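This note is intended for a colleague who is meeting the structure for the first time. Please read the points below alongside the model.

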Amino acid sequence: MKKNEYVQFLTEEMMKYMHRTKQEKHDRKIQRTSKGSSSYWFGIIPFAFKMMKRRWQRHS
């Protein structure tokens, strides 16, 4: 991708974002956070820690 194409792409994306309504931005933010961001970014390790924590709480 050439420099001009990249600048054009960034400008278009910024304009799309700026023309969204406040509600659209809010809905998109909720969709991102509902994915379970810790497991999305770090794989199964956070999930394993949650499972171990639950198991320890049940046996205590």
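Which side chains meet in a salt bridge?

1. The model is a predicted one. In it, the side chains of Lys16 and Glu13 form a salt bridge, with a distance of 3.3 Å from N to O.

2. Concerning solvent accessibility, Lys16 is classed as partly exposed because its relative accessibility is 48%. Glu13 is likewise partly exposed, its relative accessible area being 33%. Both values fall between the limits for buried, under 20%, and exposed, over 50%.

3. A further contact involves a charge and a ring. The charged end of Lys25 is placed over the ring of Tyr17, at 4.6 Å from the ring centre. By contrast, the count of aromatic pairs is zero.

4. The overall architecture is helical: the protein chain contains four helices and zero strands. Read from the N terminus, the order of elements is α-α-α-α.

5. Finally, the surface of the chain may be considered. Of the 60 residues in the protein chain, 2% are buried. The accessible surface of the protein chain amounts to about 6,400 Å², and carbon and sulfur atoms account for 59% of that area.

Definitions and conventions:
Residues are numbered from 1 along each chain as its sequence is written. This is a predicted model: local features need pLDDT of at least 70, side-chain atom pairs count only at pLDDT 80 or more; totals for chains, interfaces and linings use all residues. Side-chain values use heavy atoms; hydrogens and water are left out. A salt bridge is a side-chain nitrogen of Lys or Arg within 4 Å of a carboxyl oxygen of Asp or Glu. Buried means under 20% relative accessible area, exposed over 50%, partly exposed in between (1.4 Å probe, protein chains only). Rings of Phe, Tyr and Trp (its six-membered ring) pair if their centres lie within 6.5 Å; planes under 30 degrees apart count as stacked, over 60 as edge-to-face and the rest as tilted. A charge sits over a ring if NZ of Lys or CZ of Arg is within 6 Å of the ring centre and within 35 degrees of the ring normal. Helices (H or I, at least four residues) and strands (E, at least two) are DSSP runs, numbered from the N terminus. Accessible areas come from the Shrake-Rupley method with a 1.4 Å probe; for residues, only the protein chains shown count as cover.
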